[in-house]
Structures are given as C-alpha cells and as structure tokens.
Number of protein chains: 2
Amino acid sequence: MRQTAFQHPFDTATALLAHGDGRFTGQTSSDYANMVGPFGGITAATMLRAVLADPRHLGEPISLTVNYAGPIADGEFSIDVQPARTNRRTQHWTITLSQNDVVTTTGTAVFGTRQPTWSDTEVSAPAAPPAESISPTTFDGFVAWTGNYDMRFVDEGGLDLNAGAKSTSTSTMWLSDKPARPLDHPSLAAMSDAFFPRVMIRLGRFIPAGTISLTINFHAPTAQLAPLGDRPVLATIHAHTFGAGFSEQNTQLWSDDGALLVTSHQLMYFKDDTTL
Amino acid sequence: MRQTAFQHPFDTATALLAHGDGRFTGQTSSDYANMVGPFGGITAATMLRAVLADPRHLGEPISLTVNYAGPIADGEFSIDVQPARTNRRTQHWTITLSQNDVVTTTGTAVFGTRQPTWSDTEVSAPAAPPAESISPTTFDGFVAWTGNYDMRFVDEGGLDLNAGAKSTSTSTMWLSDKPARPLDHPSLAAMSDAFFPRVMIRLGRFIPAGTISLTINFHAPTAQLAPLGDRPVLATIHAHTFGAGFSEQNTQLWSDDGALLVTSHQLMYFKDDTTL
C-alpha cells in the first residue's frame, strides 16, 4: 500500500523554491484567489515564509509590514529577502515580491529572540461563546480564499451586503484554517487579513477596497503556539477611521485560552463614487 | 538693519542635502539627542522628509513604517529613497538610512492622493481640559529632545520614575513643538514617538527600552493641517501587551478641534533583568 501525504492548501499556496542568496520563487494558488489576484493574507504569509526559509534568519518573527503596491497576476512570482542588519537580539529584513522584475509588494520584517521578562496584557479578549456552539458562515461563490477558512461569527458581523448600513465596524469571529491546520506564524499572518474591509460592513454594500499597508506584530513564540494545535483563534476587528478614500482597521487574534497572539494594523483604500 | 531668519530646531535637525537619484545626506542634531543617538521621532521625520524632498514623489503621506535596526552615531548620515511602484492614486517608497554604508534604519512609505468620500471616525478623543489650563512638565537634564516639546499631561502619566508601578500605561497629553511650529506631516511623525516607553510607566523605574518598528498612519492632508497652525495636539497612548522582552504601544494624535490626525503603532524592545 502506498500512502500519499496530504499537503494542506495553505502549505501549497505558500510553498517556495529557494535559489540562494535570498531569492525564492513561488506560484499563486487558485485556492487563495481573491477578486483580483491572491488574498492579501496569503501574500503576507508567503513573504514571511521566505524569511523563515532563508538559512540566515535568526530567532522568530516579531513584526512584519507588507505594502500592497500593485496587483499580483496569476502564475509565478519572485521574492527577494535580505537581512539589512543583524544584532544580538534582533534582525531586520527587507522583502520584495515581484513579477517580471516589476515590484508588486514590498515589506520589512523584524525577527528576534524572546527571553523571560515581566509581562502583562492590558487589553482583554472580547466575550465569546465556545466556537462549537456557533455555526460557520460560508461565502459560497464569493471569493475562493474564504473556502479555506472556518469562520464562526460571534456577532452579526459577517459579510451580509444586503444588511444595510451599520453604525459600527467592530466584529468578532472564531477563525481556523479549513481543513484544520496547526497554528504557526505564517498562518497567523494570513488570518490577520481575514476580515472583509470594514467600509463594506459600515455601508452595507460592495465597495472596491483593499489593503495598502499591513503591519502584523507577533506576541507569541512558536513554543506558545505549538500546544494550541489547530484550535480556532478568536479574531476581533474594529476600524479607527474612514475618509478621503482611506481607512484604518485593527485586528487582534486571541488563543482560545485567552492569550493575545497577534495584533495587526491595516491601512486600506476604498473607492466610493456613489455616497456623496 | 539686517534680519536673521529664524530656523526652527526641528527644521535644522531634519534638513537634508539632495544629491540626486534619491540620495540625501543629513546631520544629527544635539537638540534632538536621546540617551543613545537621536530621538526616534526625529529619525522618522527625517526619513519622511527625504521622500517629500524627492521630486518624484506624488501626493501626500498616507503611511510610514520605520524600523530602528541599529544605533545612529552622532554626525553625518545618508538616506536613500526609491519609488518601488507608482500607481494612479498611490505610490510606494523604500527608505534606507545608513552611516558608512552600514544600515541603521529601514522604512517604507505610502504616499497617495485623497479624494472626497464617505467618512466617519469610530474612536473618540479622550476627555481633556484646555491645554492652557495645564502646566507643562519639564524633564530638565534627562534627554535633550524633550526640551523641544511642550508637554502638558492631562493625567499623572508623566515620567516620574519614583512614582512606583502603575496598573495602566494609558496616558494623555497636550503636545506641541517648543518653540511653536506649524503642524505638518514630519512634525506629526516625530510627535508619534514622543511618549516614553510604556514599560517604564508600568514598572515605575528606568528600563533600557526603545522602538524597534513604528508604523504611522496619517489621516489628515496638508489642507486640514494648515488651519490648525501651531496649536497643540492631544496625544494619547495605551499599550496592548508586554512580554518576553517586547511590547506594543499605540498612539493617537488629535487636533484641538477633535479630528483624528494620526494613529501609530510601536513595537518596542525592553530589557528587564531585575523583576524575575
């Protein structure tokens, strides 16, 4: 009997071929397609994976900024990563994703080694019933990438574009990969981008919108993620402000046992020709 | 009679000499010295100013990420800025600050053109009495850069390292350049970094700490800043989490007439050998 090893679609989508000196190539995956090009979260995860795959990297991801400069076409792309500076405890990387030598995405990453210190978390996880008590929301036929996530909304914050305008953009959901996959830094990077643009929630209708710049701060090391396995994270989002074609939204990812794993900050663009 | 034009210390500290093709040189300023090297805010402002000084830039600052990779020595530094991609509405820049070809600071900036759209701000400015009703706090002899700011704390959140541990890192102050200077994007970038590391406030004592990565989102165009003149901004900060030698703190800058001008997100390091 021959067994075929299962490779999770997330690992296929973020797989990279190493060419040395910080150069990698990859292929977009139809599983994580968005309306135009790939889901921004999978791009962030793939850029992070490139640094993780570079033998020069030290420590673990601390902070990642990804700037979505232009569309990524279906097919092959290149990622170039370079350590700009290596210190005793931290290492700074620059990351560039390109296709045919045209830059589509820029980024920087900070890696570092954690050590025991005083600790405290001043923010609190939102109240939520257990994930098992909530039915998953599906977005069949909308955009492909949502099919790779199990999303269970604690509130009415799903994407119902017929629900009318809402007075708040705050929303919370239990979120996990589908099929289940153990949490790691690349999967958390992708999950940081899993909420729909808040402008659509506020206006209650489809608006062309997307991420321009996404900063993800990782607060948990691999040793803290490992025991969580593939259990869902509690993801919560709120927007600070909207105006003049731009908005900012901020996401927290919590473990199901109450630890803050990730905070992320997204600067979005939106087009709105009809509401003035 | 001859009049000598006054140049504000902020403009002296961020002054750059253009060498073409995105290369600039500048000089550190003792006015904005921190304990080691320059105040991080002045470095962010200088990097932003380099893009503003490049004739290729389009639109206005939307988002700036600065990664503090290594110390900047007193003296000359070089800044290299390059437009990674120019779109119809947005332009993405990479920024590198170096000394003797050693990278000390990396960054990315998004510039863009704003246009009228639906707008709303979901967060609220903290309550504060008028700036004029509060006495400025001075930090004589601590670090030079604080001498260039007028800081009027709404709460007890000043830096009193003998005050003992506090249960919250939240603090609010009226903040302006000293001497007064009209607000612009570089000055707001610097002000985003004007709060002391929250770990010191929480522990109530001096801790080696500093910014590793700072993302600043600008929500107001120049046309909105101009009428504010040199009036103080209401700056408020809170920390999300501390642990394993890293922490995240988040700042909002509000105009005195209640508009959200800037949100920023800082990933900090700290060393803490004594509290375990």
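Author: Let us begin with a term: a residue is called buried when its relative accessible area is under 20%, and exposed when that value is over 50%. Please also keep in mind that this is a predicted model.

Reader: Thank you. Is Trp118(A) buried or exposed, and what about Phe242(B)?
Author: Trp118(A) is buried, and Phe242(B) is buried as well.

Reader: What do Trp118(A) and Phe242(B) form?
Author: They form an aromatic pair of the tilted kind, with 5.0 Å from centre to centre and 50 degrees between the planes. Trp118(A) belongs to the loop between strand E6 (102-112) and strand E7 (120-121) of chain A, while Phe242(B) belongs to strand E11 (residues 233-243) of chain B, so this pair joins two chains.

Reader: And what kind of pair do Phe10(B) and Tyr32(B) form?
Author: Phe10(B) and Tyr32(B) make an edge-to-face aromatic pair, at 6.2 Å centre to centre and with 80 degrees between the planes. This pair links distant parts of the chain, 22 residues apart: Phe10(B) is in helix H1 (residues 9-13) of chain B, and Tyr32(B) is in the loop between strand E2 (23-27) and helix H2 (40-53) of chain B.

Reader: Why does Phe10(B) count as buried?
Author: Phe10(B) counts as buried because its relative accessibility is 0%. Tyr32(B) is buried too, since its relative accessible area is 0%.

Reader: How many aromatic pairs does the structure hold over all chains?
Author: There are 14 aromatic pairs over all chains. In chain A, ring pairs also link Phe39(A), Phe139(A), Trp145(A), Tyr149(A) and Phe196(A) into a cluster.

Reader: Changing topic, which residues touch the most other members of the largest nonpolar core?
Author: That core has 53 residues, and those touching the most other members are Leu64(A), Trp145(A), Tyr149(A), Met151(A), Leu175(A), Leu188(A) and Leu261(A). Helix H2 (residues 40-53) of chain A supplies the largest share of this core, seven residues. Another core, of 52 residues, lies apart from it and includes Leu48(B), Ala50(B), Val51(B) and Trp93(B).

Reader: What is Leu64(A) in contact with?
Author: Beyond its neighbours within four places in sequence, the contacts of Leu64(A) include Ala44(A), Leu48(A), Ile95(A), Leu214(A) and Phe218(A).

Reader: Now to the two chains. How many residues of chain B are in contact with chain A?
Author: 66 residues of chain B are in contact with 66 residues of chain A. The two chains bury about 5,300 Å² between them, and 58% of it is on carbon and sulfur atoms. On the chain B side, Arg85(B), Trp118(B) and Glu122(B) lose the most area to chain A, together 15% of what that side buries.

Reader: Where does Thr90(A) lie, and what does it contact from chain B?
Author: Thr90(A) is in strand E5 (residues 90-99) of chain A. Its contacts include Ile212(B) and Phe246(B). Thr90(A) counts as buried because its relative accessibility is 14%.

Reader: What sits over the ring of Phe246(B)?
Author: The charged end of Arg89(A) does, 5.2 Å from the ring centre. Likewise, the charged end of Arg89(B) sits over the ring of Phe246(A), 5.2 Å from its centre.

Note on methods. Residues numbered from 1 in each chain as written. Chains lettered and ligands numbered in written order. Predicted model: local features only at pLDDT ≥ 70, side-chain atom pairs only at ≥ 80, totals over all residues. Heavy atoms only, no water. Core = buried A, V, L, I, M, F, W, Y, C linked by side-chain atoms within 4.5 Å. Buried < 20%, exposed > 50% of the residue type's maximum accessible area, 1.4 Å probe, protein only. Helix = DSSP H or I, 4+ residues; strand = E, 2+ residues; numbered from the N terminus. Contact = heavy atoms within 4.5 Å. Phe/Tyr/Trp six-rings, centres within 6.5 Å; stacked < 30°, edge-to-face > 60°. Lys NZ or Arg CZ within 6 Å of the ring centre and 35° of its normal. Buried area = accessible area lost by both parts, 1.4 Å probe.
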